[in-house]
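I opened this notebook to keep track of what I looked up in one structure. The entries follow the order in which I consulted it.

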Amino acid sequence: MQLTAVGLNHQTAPLSIREKLAFTAKSLPEAVRALTAGEGVQEAVILSTCNRTELYCVGDEEYIIKWLSQYHGVNLDEIRPYLYTLDNNAAIRHAFRVACGLDSMVLGEPQILGQIKDAVRVAQEQHTVDTWLNALFQKTFAVAKEVRTGTAVGENSVSMAAASVKMAEQIFPDIADLNVLFIGAGEMIELVATYFAAKTPRLITVANRTLPRAQELCEKLSVNAEPHLLSELPDILYEYDVVVSSTASQLPIVGKGMVERALKQRQNMPVFMLDLAVPRDIEAEVGDLNDAYLYTVDDIANIVQTGQKARKQAAEAAEAMVEQKVGEFVEWQKSRQNVPMIRALRDEGERARRQVLENAMKQLAKGTPPEEVLERLSVQLTNKLLHSPSRTLNKAGSQSSELVDAVAQIYDLEHLKQG
């Protein structure tokens, strides 16, 4: 089995497809165990974010694709056109580029590296990472650190969080006059809320499944903020001009009917709604309502292009570094592939050593002079170690120059190499 990556991202698949293949943080441990339970995969790490789902494996790519389809209950023919499959060198290069932010919607964004580390940690806890993937991701983290330190690829970056504020400002001239509602209290919401808090809105509310986590985030924001439970949404939604949602729910939290009622209570004052969740938290039909301006992660793409030219120049240097590191890792892989041969060669040498040593000990026990025993031991050991290569060379005759050169290199007989 070889190193393989199977996945889809914001460049290859629309949100409607990505959300069907997304893994929640809660389901990830069971999923990665299930992936390695069959004979088609030996090691696995699953990375699932709002912009990508990727399975890094030591295994058969067709098995991985079929497993992904069956696990999510999605027709294989429906998803296959959106998937990319990468073998060994390409998979290594892709992992490095993703970790460095070179494959992100926001070029150079740092959040993806933390998400990869979380994915690897989950896989390690489930014991689905062994020699190959452990080495790959340790190298990946080192490459990402070196690229971010040695290049300016992350500078001048417009993050998704900053883009969220810019989108709201296209509808409302002054964020300071608005009430802002955040649904969820995870890392993405915290990032976006921090940017909105910097604009000092009139009120920030965090609605979450658990109140303590919502309260914790409100306290971090250092502005007028209050926590609520998700169950309160139908009663309070009408109070907010901006709604940003990002939870791990598998089903929509905000439906069309809920928004219709809120708009009536708002007397058709507009509401900006940003759904950063995959799968979506807000029903797509909400976008059909007058005065409801609904956007998804895919809609942010145009805004985050700001500053791309400057980052692309830095990205060229980063890509060159990545290519060099790919070569280093491939060379390491090749060296590891020789380990079984080296181990077998040493085992054979040890077997020969023990055999001649036993004969020597018997001769000493019989009273044979030590000088004579040592002489016999050295001759026997030399004969045993050189018997196989000598016989192979004799059989090959003069027809195998490559074999002769290989033996000359192994035994440091460079002056005897042919050609």
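Predicted model: local features only at pLDDT ≥ 70, side-chain atom pairs only at ≥ 80, totals over all residues.

**Entry 1. The four-stranded sheet.** I looked up the strand order and found β2-β3-β1-β4, an open sheet with antiparallel pairing. The edge strands are β2 (41-48) and β4 (84-87), and each of them pairs on one side only. On average, neighbouring strands of this sheet are turned by 15 degrees against each other, direction ignored. I then checked how β1 (residues 2-9) is joined to β4: the two strands run antiparallel and share four bridges. For Thr4, I recorded Asp87 as the bridge partner in β4.

**Entry 2. Helices on that sheet.** Which strands does helix α2 lie across? I found that α2 (residues 28-37) lies across β2 and β3 (52-59), and that it runs at about 150 degrees to β2. Helix α3 (residues 61-72) lies across β1, β2, β3 and β4. Its direction is at about 140 degrees to β3.

**Entry 3. Aromatic rings.** I counted nine aromatic pairs in the structure. Phe23 and Tyr71 form one of them, a tilted pair with 5.4 Å centre to centre and 35 degrees between the planes. Phe23 lies in the loop between α1 (15-18) and α2, whereas Tyr71 belongs to helix α3, so this pair ties together parts that are 48 residues apart in sequence. Trp67 and Tyr71 form a stacked pair, at 4.9 Å centre to centre and 25 degrees between the planes. Both of these residues lie in helix α3, four residues apart, about one turn of the helix. I recorded Phe23, Trp67 and Tyr71 as one aromatic cluster.

Entry 4. Tyr71, at 29%, counts as partly exposed.

**Entry 5. A charge over a ring.** I also looked up Lys117: its charged end sits over the ring of Phe141, 5.6 Å from the ring centre.

**Entry 6. The six-stranded sheet.** I read the order of this open sheet as β7-β6-β5-β8-β9-β10, with parallel pairing. β7 (225-229) and β10 (292-296) each have a single partner strand, so one side of each is left without a neighbour in the sheet. Neighbouring strands here are turned by 15 degrees against each other on average, direction ignored. Strand β5 (residues 179-183) runs parallel to β8 and is joined to it by four bridges. Phe182 stands opposite Val244 in β8. Helix α8 (residues 160-169) packs on the sheet and touches β8, β9 (271-275) and β10, with its direction at about 155 degrees to that of β9. Helix α9 (residues 187-197) also packs on the sheet, touching β5, β6 (203-208) and β8, and its direction makes about 170 degrees with that of β5.

**Entry 7. Ser245.** I located Ser245 in strand β8 (residues 242-245). Ser245 is buried, with a relative accessible area of 0%. Leaving aside residues up to four places away in sequence, its contacts include Ile183, Ile189, Leu274, Asp281 and Ile282.

**Entry 8. Annotated span.** An unreviewed UniProt entry annotates residues 167-303 as "domain: Quinate/shikimate 5-dehydrogenase/glutamyl-tRNA reductase". I found the end C-alpha atoms of residues 167-303 to lie 8 Å apart, and the span to be 31% helix and 22% strand.

Terms used
Residues numbered from 1 in each chain as written. Heavy atoms only, no water. Pairing = 2+ DSSP bridges. Axes fitted to C-alpha atoms, helices over the stretch in contact; angles between N-to-C directions. Contact = heavy atoms within 4.5 Å. Buried < 20%, exposed > 50% of the residue type's maximum accessible area, 1.4 Å probe, protein only. UniProt positions renumbered as here; feature names shortened; annotations may be inferred. Phe/Tyr/Trp six-rings, centres within 6.5 Å; stacked < 30°, edge-to-face > 60°. Lys NZ or Arg CZ within 6 Å of the ring centre and 35° of its normal.
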